[in-house]
Amino acid sequence: MSRYDKYSESALDVLVKTQDIALRGSVGETGYRDLAEALMLFDLPDIIAIAKSNNAVVDVELIKSLNERIESSSPRDVDGPIKISGEFRSILDKAEALAGDAKVEPSHLIRAAWPTIKGELANFFRLEAAPSLSIPVDEIDLPEIGPRTKPSEAASALLRFGDELTAEDADFPVYGRESELDALSSVLMKFWKPNPLIVGESGVGKTALVQGLAMRIKAGAVPDRLKRARIFEVRVSELLSGTSMHGALEENVNMLVEAAESLPDAYLFIDEIHQVVPAFANNPISEVLKPALSSGRIRCIGATTSADYTRYLEKDSALLRRFQTVLIKEPDEEALGRIVSGVVPRLERHFGISIPANVRSRAIEVARRYLPMKRFPDKALDVLDRAAAKAVFANEPELEERHLLDAVKDIANVVVEPGLDEASGLAGLEAAIGKDVLRQDEAIRTIAQAVRVAKMRLDPRRDRPNGAFLLTGPTGVGKTAFAESLAKALSGRDDALFRIDMSEFSDGHTAARLLGAPPGYIGYDDAPLLSRAVDACAGGVLLLDEFEKAHPQVHRIFLQILDAGRATDATGRTLSFSSLTIVATCNVGGDSGPAMGFLSGDEAAALAASGKAPMTALRRAFPVELLNRFDAIVPFRALDRDDARAILAGVVVREANANLRREYGLELDFSPAALDLILSSGYSVEYGVRDLQRAFRRLVSVPLATMIGGAAGKTGILVDADGTALRFAFPDGSAV
């Protein structure tokens, strides 16, 4: 049996470092100076305790210089074990005697060697009251270094504030993150700042990465220096629990630090670590952690989002410099496939269903298209999880694509109607829009073709919006109605249109409302309009109404959005527009040529059919580079009288009857003469359908409001012309 079997792991680490220092020195044998330097590098908790009891502090810069000097010298080659000096041997004998039947700890080595090493240690101590002055050797006293907290007691203290991720029953398999796990492990083995700070967007797998490291440690698939590591997750909420009394929080954090210090292989993991800085909640947690991290008494893994890193952690640079940042991004296609394939068997066991390979890949595509503001792999796994739950609820043995679409409806309120999904090439898109927007067939066809290309991902620029269109034409010809109908057709719901009236952004300073005001300005805490848009109408339409009235500074914001499909708001959040269709409308006209949308008859038909439009007026209203980023500039032609009659009968009357049936169980039946009267009163080339709607309200809705009370029990009302007014009667001929 070797004498070194009596030494604890931490004491053996000190002895190994002592031998390494001796091999790099000139004496050729292990001595007390080598031990003193090893203790400075490997047993800082006890060394700091000695300094503190003597009203001194440890000079960290000198320790850095010591480490650099040792690492810069090469160890000599020796045959067999290095020689041990008699003085060093007597130190070991005394340390073993002090330990008795217990394991030899670094504290026993310090006490045994104190008369000979205190002069060496004094070189690294500075008076606390005057940090520029070193402490005299003869004034250093060795305090009683009591036994450290027992490992079992220390672990229990840590478990009070969280869980051990490396526990025997822990099971957190992680797939497809090998390079990120290697980077995390390498930071943990650093001498200076072995504290990784994982930064990434929500859902990219920051917590899962630490759990994966814990599984690597359990399996022994880590370097030797990490094989004994234990990772304890610390929940800030547990630290704060029951701390209403003054000083209770500091007591909890000190207890946490002392427990971690007593377990030499413990690593603390603090998720959402920005919660410990005063900028977040004005708590003193970071002030207690910083000295322990700086001195190396504890080691910590932190995780936070990019936005919280910028908003909170950057304000506490003293804490931040104790960490080494590890950036985590969304996995690429190959890694994402491995992650999903690795997790699916666990879902199959949990739900007792089968998840075919084609459904797995479809889940990734559905998540990408309809959940742009969430991150992979979380959004793909969320879709699969919810879809599997729906399949089990329906008592079905296999997960199918329809379950995925139902799951998306729950997550993002997006409905894909049968016949309008991407798998069928949006075959019914023109017909669906044509029900609501009449006599603009060429414009509908042009936009539907472009939307189909984007939705089917035939455009290699995958991050761009699902089409960006500039609709131009006189007021009242159906541009806004087209956007509303397109939103419903694409999403299957009525609230998938987010409308921004660009006339409200005619001044330069109003541009801040789109992406948020800078810090310190009024409105900084308000949700930016574009952030609300991408959250509210995924798979729908962003309508920029009267786009020409916006300030040029607003136009510049949309240059990036139309081109790259991304923008960054004032909080640092990256907004993705890849699942939105952007429709901008304008009423631009000019004197230098025919105004787009102001043509009629054969000229308008020929212009629309050619796919070309006069650009003179548009160039005066918009920068050329902005116009160049639209997928199509689509003219809506002016409406003639026949168009207005078709819209009156096919849209205005239809919508009025749908509302009456829903509210009162009634339906209006218009005679041709009644329609002609409304048309004569409301048709206008200048105001389009809006003037027609005003005429319908005046001639039909206003008088009907006073008559409807007497229509109880009736199902229909006949409407006919009576000179310059309309006459309302029941089918039996009686007056309303």
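**Cores, a helix and a strand residue**

The largest nonpolar core has 54 residues, and those touching the most other members are Phe-482, Leu-648, Phe-670, Phe-696, Val-700 and Leu-726. By nonpolar core I mean a set of buried Ala, Val, Leu, Ile, Met, Phe, Trp, Tyr and Cys residues joined through side-chain atoms within 4.5 Å; buried means under 20% relative accessible area, with a 1.4 Å probe and protein chains only. Helix α29, residues 641-664, gives the most to this core, with eight residues. Helices here are DSSP runs of H or I, at least four residues, and strands are runs of E, at least two, numbered from the N terminus.

This is a predicted model: local features need pLDDT of at least 70, side-chain atom pairs count only at pLDDT 80 or more, and totals for chains, interfaces and linings use all residues. Residues are numbered from 1 along each chain as its sequence is written, and side-chain values use heavy atoms, with hydrogens and water left out.

Next, helix α18, residues 378-393. Its buried residues are Lys-379, Ala-380, Val-383, Leu-384, Ala-387, Ala-388 and Ala-391. Seen down the axis of α18, they fall within an arc of 170 degrees (taken from the directions from the axis to the C-beta atoms), so they line one face of the helix. Their cover includes α16, α17 and α19. Just after α18, Asn-395 has a positive phi of about 60 degrees.

Last, Glu-164, in strand β5, residues 162-164. Is Glu-164 buried or exposed? Glu-164 counts as buried, at 16% relative accessibility.

Note on methods:
Buried < 20%, exposed > 50% of the residue type's maximum accessible area, 1.4 Å probe, protein only. Contact = heavy atoms within 4.5 Å.
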